[in-house]
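User: I have this model open for the first time. Please walk me through it in plain terms.

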Amino acid sequence: MPKKIEKIKEEFFASCPTGLEEMLASEIKPLSHVSIEVTKGGVHFTAPAQTALELMLCSRMASRIYKKAYSFEIKIEKDLYFFAKEIKWKGLFELEQTFKISVVQSKSRDGKKWSKFKNSMFLAQNLKDGIVDRFRLDCKGERPSVDKDQADMNLLLHVEPNVNQHSVKETATILIDMCGAPLSQRGYRDTNFSAPLKENLAAGLVMLSGYNGSQTLFDPMCGSATIIIESLLIKGNIPPSYIAIDDILENNDDHYWDFMKHNWFIKDKYLTDEWAKLLKTYHKKIDDGFEALDKSESKTIASDSESYAINASKFNLKAAGLFDYVKLFKEDATKVTLADENSGLIITNPPYGERIGEEERLPTLYYEFGENLKNNFKGFKAYIFTGNLPLIKKISLKTSKKIILFNGAIDSRLVEYTLF
Ligand SMILES: C[S@@+](CC[C@H](N)C(=O)[O-])C[C@H]1O[C@@H](n2cnc3c(N)ncnc32)[C@H](O)[C@@H]1O
């Protein structure tokens with residue numbers, strides 16, 4: 001029978017695309033009363049809950065934010081059942097709400113040992129059975145249902161072996177997903193366009209380029225305009241959550257993110273008051289941001305050779321409320337020029353073989369695009385993001401920097417060229 005359950009109070013984990021962890025850390029550091037630890041794929045941080053709530057509103061890099069709830073040590077899978085049965089789950093969610101469990105097993109902190117448990121489904125099942133049996137005890141035999149698609153409470157079970165080589169115990173931590181839908185889904189996207197960049201990854205590319213809003217920014221293979229939209233949000237310092245904030249305040253949507261229906265939040269009067277204040281502060285930032293865009297004189301330019309991409313860009317830019325701030329046109333990136341500009345940033349994500357049948361023409365596309373940059377964009381800095389590493393060699397320009405990033409599971413590079 002297991003011994004000790006630790007109730008975790010002020011610890012969180014924010015996940016992000018691999019390669020953007022330091023950028024995410026630099027968003028968290030300025031928030032109040034926070035201490036952080038950067039790891040692969042995200043940042044652990046200790047802070048009061050209102051700091052995590054603020055991060056929900058201000059982070060451009062985070063995919064999800066998790067609140068750590070409980071941790072304990074297990075020797076065998078069944079321990080999870082006994083621990084879970086000890087926890088008062090009603091403090092976290094209601095009988096009528098649905099739940100789901102995901103499992104992540106990792107190496108030990110020193111990277112030397114893998115989790116010994118072979119079957120993550122069996123881990124999840126033991127945790128689920130413990131939760132259900134606890135509810136049965138507390139709710140006259142009734143239990144909450146599992147919903148695999150749209151649960152009210154998404155729990156993440158993280159299992160990690162102890163660093164001590166001889167220990168047979170592993171640490172199980174239960175985290176609560178505060179988001180539901182990932183934060184990267186800002187809410188402006190036409191879902192019909194295939195292979196768009198995730199919004200937080202696009203924001204990461206823009207931040208890594210050193211864009212500060214005063215330079216001309218051009219994406220000549222804009223697809224559905226994700227890089228362009230994220231650059232405009234950065235330029236105006238518009239919170240990435242601006243569509244969510246409008247929805248919450250104007251439509252009284254009190255279920256927009258999952259934490260808004262969780263007991264640990266709803267039943268904490270101080271926290272709900274702090275949240276209301278944060279929403280007000282960030283709502284004001286939206287107005288200020290659009291005002292800043294209205295006043296800005298630097299240009300944002302987007303083009304693509306395909307009509308369907310131009311249409312997707314139009315749709316997204318309009319949904320984002322940013323259509324008026326962009327010059328958008330149809331043109332081949334191997335031929336495009338910008339007659340009025342003699343410096344600026346080009347940030348683009350050319351095709352990398354994600355669509356069937358395009359592989360053959362890509363070496364020529366990358367070569368000719370590189371030649372166009374060389375001949376017609378002197379004074380610019382170009383940033384090319386691709387998940388097809390051999391194609392980078394087709395560009396006959398001197399690389400000034402290469403940054404490793406992951407686009408989902410695809411090992412990718414952001415390559416910098418200084419054009420002169
Ligand atoms: C990977 S997608 C870009 C996705 C975009 N970053 C987004 O988030 O939606 C590549 C884009 O390059 C465009 N493209 C391919 N060849 C091109 C060319 N020669 N000139 C301009 N655009 C081109 C495609 O139409 C496609 O929209």
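User: What distance separates the centres of domain 1 and domain 2?

Analyst: The centres, taken over C-alpha atoms, are separated by 33 Å. The domain bounds come from an automatic or database domain assignment. Before going on: this is a predicted model, where local features need pLDDT of at least 70, side-chain atom pairs count only at pLDDT 80 or more, and totals for chains, interfaces and linings use all residues. Residues are numbered from 1 along each chain as its sequence is written.

User: Which residues belong to each domain?

Analyst: Domain 1 covers 6–177, and domain 2 is made of 199–241 + 264–418.

User: Now the chain as a whole. How many helices and strands?

Analyst: The chain has 12 helices and 15 strands. These are DSSP runs numbered from the N terminus: helices are H or I with at least four residues, strands are E with at least two.

User: What are the overall dimensions?

Analyst: The C-alpha trace spans about 75 × 50 × 40 Å along its principal axes.

User: What share of the chain is buried?

Analyst: Of the 420 residues, 40% count as buried. Buried is 20 or more other C-beta atoms within 10 Å of a residue's own, exposed is 12 or fewer, and partly exposed is in between, with C-beta atoms placed from the backbone.

User: Which residues of strand 10 are buried on each side?

Analyst: Thr300, Ala302 and Asp304 are buried on one side, and Ile301 and Ser303 on the other. That makes 5 of the 5 residues of strand 10 (residues 300–304). In a regular strand the side chains alternate between the two faces of the sheet.

User: What does strand 10 pair with?

Analyst: Strand 9 (residues 217–219) runs parallel to strand 10 and is joined to it by 3 bridges. Strand 11 (residues 327–330) also runs parallel to strand 10, with 4 bridges. Pairing here requires that DSSP finds at least two bridges between two strands. Ala302 of strand 10 stands opposite Asp219, and also opposite Leu328 in strand 11.

User: And strand 12, is it enclosed or open?

Analyst: Strand 12 (residues 344–348) is largely enclosed by the rest of the structure, because 5 of its 5 residues are buried. Gly344, Ile346 and Thr348 point one way, and Leu345 and Ile347 the other. Strand 12 is joined to strand 9 by 2 bridges, in parallel, and Ile346 is the bridge partner of Phe218. With strand 13 (residues 380–386), strand 12 pairs in the parallel sense over 5 bridges; there Gly344 is partnered by Phe380.

User: Switching topic: what is around the ligand?

Analyst: The ligand is surrounded by 21 residues, and the closest are Met221, Gly223, Thr226, Ser305 and Ala333. By class, the shell has 12 nonpolar, 6 polar and 3 charged residues.

User: What is the phi of Ala225?

Analyst: Phi of Ala225 is near 75°, a positive value in a residue other than glycine. Most residues other than glycine have a negative phi. Ala225 lies in the loop between strand 9 and helix 6 (226–236), and counts as buried because it has 33 C-beta neighbours inside 10 Å.

User: And Ala195, buried or partly exposed?

Analyst: Ala195 is partly exposed, with 13 other C-beta atoms within 10 Å. Its phi is positive too, near 60°. The loop that holds Ala195 lies between strand 8 (170–177) and helix 5 (199–208).

Notes:
A residue is near a molecule or strand if its C-beta atom, placed from the backbone, lies within 6 Å of it. Ala, Val, Leu, Ile, Met, Phe, Trp, Tyr, Cys and Pro count as nonpolar, Asp, Glu, Lys and Arg as charged, and the others, Gly among them, as polar.
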